[in-house]
Protein chains: 2
Amino acid sequence: MEKVKIAILGFGNVGTGVWKILLENKKEIMKRSNYDIEVAKILVKDINKKRDIVVPSEMLTDNIDDIINDESIKIVVELIGGRSEAKEYMIRAMKAKKHIVTANKLVIANWSKELFKIAKEENVLFYYEASVAGGIPIIREINESLTANRIQQITGIINGTTNYILSKMTIDGSSFDDALKEAQEKGYAEADPTSDVDGYDAVYKLAIMASLSFGTEVDHACIYREGIRNISDIDIEYAKQFGYTIKLLAIAKEENNKLELRVHPTLIPSNHPMANVNDAFNAILIKGNAVGELMLYGKGAGDLPTGSAVVGDIISILRNNVSPSDVKTTNDKADFKEVKKSEDNESEFYIRLDFKDKAGVLGDTAKIFGKNNVSVVSITQDVTHQDHATLAFITHKSSEKNIKNSLDKIIELESVNKVEIIIRIESFN
Amino acid sequence: MEKVKIAILGFGNVGTGVWKILLENKKEIMKRSNYDIEVAKILVKDINKKRDIVVPSEMLTDNIDDIINDESIKIVVELIGGRSEAKEYMIRAMKAKKHIVTANKLVIANWSKELFKIAKEENVLFYYEASVAGGIPIIREINESLTANRIQQITGIINGTTNYILSKMTIDGSSFDDALKEAQEKGYAEADPTSDVDGYDAVYKLAIMASLSFGTEVDHACIYREGIRNISDIDIEYAKQFGYTIKLLAIAKEENNKLELRVHPTLIPSNHPMANVNDAFNAILIKGNAVGELMLYGKGAGDLPTGSAVVGDIISILRNNVSPSDVKTTNDKADFKEVKKSEDNESEFYIRLDFKDKAGVLGDTAKIFGKNNVSVVSITQDVTHQDHATLAFITHKSSEKNIKNSLDKIIELESVNKVEIIIRIESFN
């Protein structure tokens, strides 16, 4: 069987996962790719660092030139993460006629157009399945399985850290702070959890999925973003009473050639399959005009799940399933699609108030909602919690603008202390 | 843009779905396939039949020769269903150098080896995504996305009719008979529901998935099969009490090069995502040694969902993503893998008895289970139902043989009237 040499850039969590899979599943991978894959070089920062996985020392290098200049290396697997170096190395590798596999969502979300253009010019393949949702093959799903569809909506639980935290809060009744601490102890959250907890990670992934699904460039800066720091155990409890579960959703819709793009905590019906997506699992629901609803559920991170996507991409390159022209189809011929202003977005809403006077608050808010065309579906029993009396509403579908206008008035009411939180609802209708 | 001519064999539910998608999504399909697809001929039984969808009359033919002999037709889409004619037409089309797309599970489950061999000889492509689970792209998932994995288990809700019936029984408390009647009225079940209700349909689909997943030929006659006719509302209720939901599962496992293949009603934990797969939806959970658990959820039948898979296959052929050699990889180089005898299979069990005397039954059964190495996890409260007293047990993992030996003794007990039902449990551990 013919040998093929590859190089791995970065030997952290995912890099070692790839190494393990290539070793453990060697027989299957040879059969499926028709090649004997040999890792020729691994780029690391410190070649003398003690590692759990022992690799032949001549395989390690701290000099990218050893890889770029080695003509026998046909595929470069970029698992460094981050921005500038990773991008530079991939470009240099392509110019040296090497195919690329990457797990780097930051680079794809920021520079896919530039990178795909170079791949086309150099006639090399560029795969990035692992950049979104780890082991879930969502990129291939959009690019190859659902080609008969006009995709109408993508809804994802695509950040494992926040899903772990929200699951802990929902199932065990933990507070946000305790759940975050536990996530950090288990290695699901970084010491600085901003990227996950405040929704940035989900925004990058949504940008990649939306770009492919709707055949347009998507600037991640245009995506509405809200994290989960403000979600309290009271909201989790109220949501339950209303029949909902709170998840951080990434939502992309296309309607009339306009895009709606947002990442925020969301109430979803507790009997929907996505409500049972717990812990560090991810799920992505795609609505296509032919297939209807299609959901993928799996591990969105971790050495082996992410490694599964990376090695799958290596095998795809070896099979040469996708010709270079396909990789760029959705981007080269991208239509321009406008992103809706977030105030024009519509959804149902959950609104929780801290109030002084119940009779007053019910009458006063009813008037204000009515004037702003917001109709209320249900109201919770009030709960006294730490000396505050709190109350939650569920509204029918309303525009963000009407909700905002209502709340601007409600906050001024004598009977109301504070608008504690507003959370959007997704009913999947 | 270059034109390509295709022919559709059969213009029923799926055939008209394909027609609608090719029309409705023409722009997207041209962009993604780089071809302008023209339906040149449609094979029907009666060209004069009144149809909801009007097609130019010169497009219809009742003579397969009009299609086989037309050299301008490059792809034949077989949607007749059934066995002999469909198989014959596909073989003739391949010999006339036409690529094949089919939705025919019967033909694939019975003659894939023969058909793939001919495809290879004739150097044509043969796609069958729609043969399993309608709109869910499970074939591509196994063949192309999970190539880095050794697949360890596939667990599917792959029959919409039985899932509709069980959902009705679970959510609305319907009886089996009423739920079946409703399924028939809604067009989810045939007048003769045997193929669905008794598990044959799921068996064929499981055979196809297992063959691809484990790289071996699978004779569908070797698959253990049990339908849902014996499931009563009492079992649904007991299952709920124990924290389970009843689903018809198709299960394929590989362990130590031996296969375990079975289709039967199953108790699954109510908090598992598969428990929320309701109505006519399908779901397939794949366990791979790298990716971990991956689940796909979507519509397993219907004109547009199944059409989505068929048109996706047509586009794949036009892109020529998969070379003919790939299509046959898993079958040509198939390892032989033995199918375990079902008595050697292990699982937890739910067992319901109709008894005369409670104190007696508890003591007597405990002794018998103990002797046969079956340990009981929990026992329901007894319920008197229509003059019978009934009681259910949940066991730890046991072999089918030990359960059978226990029940052979239990049925002889003075204190027991009848063993009402035995249902396997799948805990996804």
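## Report on a two-chain predicted model

A:N372 is placed in the loop that connects α14 (358–371) and β15 (376–379) of chain A. The structure described here is a predicted model. A:N372 counts as buried because 20 C-beta neighbours lie inside 10 Å, and a residue needs 20 or more of them to be classed in this way. Apart from its neighbours within four places in sequence, A:N372 is in contact with A:N402, A:N405 and A:S406.

### Chain A as a whole

Chain A contains 15 helices and 19 strands. Its C-alpha atoms occupy a box of roughly 80 × 45 × 35 Å along the principal axes. Among contacts in chain A with a separation of 6 or more, 75% are between residues 24 or more positions apart.

The domain assignment divides chain A as follows.

| Domain of chain A | Residues |
|---|---|
| Domain 1 | residues 3–134 + 305–332 |
| Domain 2 | residues 138–299 |
| Domain 3 | residues 343–425 |

In chain A, the C-alpha centres of domain 2 and domain 3 are 25 Å apart. Where these domains of chain A touch, 15 residues of domain 2 are in contact with 13 residues of domain 3. On the domain 2 side, α11 (233–242), β9 (244–255) and β10 (258–269) of chain A each give two or more residues. That side of domain 2 consists of eight nonpolar, four polar and three charged residues.

### A parallel sheet and the nonpolar core

An open sheet in chain A is built from six strands in the order β3-β2-β1-β4-β5-β6, with parallel pairing. At its edges stand β3 (60–61) and β6 (126–127) of chain A; each has a single partner strand, so one side of each is left without a neighbour in the sheet. Within chain A, strand β4 (residues 73–78) and strand β5 (residues 99–102) run parallel and are joined by four bridges. One of the residue pairs is A:E78 with its bridge partner A:T102 in β5(A).

In soluble globular proteins, nonpolar side chains tend to be buried together. The largest nonpolar core of this model has 270 residues, and A:V77 and B:V77 touch the most other members. Setting aside residues up to four places away in sequence, A:V77 touches A:I6, A:A7, A:I8, A:L9, A:V18, A:V101, A:V310 and A:I314.

### Where the two chains meet

Between the chains, 49 residues of chain B are in contact with 50 residues of chain A. The elements of chain B that each supply at least two residues to this side are α1 (13–24), α2 (26–33), α6 (138–145), β12 (292–299), α12 (303–319) and α13 (324–332). The most is given by α12(B), with nine residues. By class, the side of chain B that touches chain A comprises 19 nonpolar, 17 polar and 13 charged residues.

Strand pairing also links the chains. Strand β12 (residues 292–299) of chain A and β12(B) run antiparallel and are joined by five bridges. In this pairing, A:L296 has B:L296 in β12(B) as its bridge partner.

Notes. Residues numbered from 1 in each chain as written. Chains lettered and ligands numbered in written order. Predicted model: local features only at pLDDT ≥ 70, side-chain atom pairs only at ≥ 80, totals over all residues. Contact = placed C-beta atoms within 7 Å. Nonpolar A, V, L, I, M, F, W, Y, C, P; charged D, E, K, R; others polar. Pairing = 2+ DSSP bridges. Domains from an automatic or database assignment. Core = buried A, V, L, I, M, F, W, Y, C linked by C-beta atoms within 7 Å. Buried ≥ 20, exposed ≤ 12 C-beta atoms within 10 Å, placed from the backbone.
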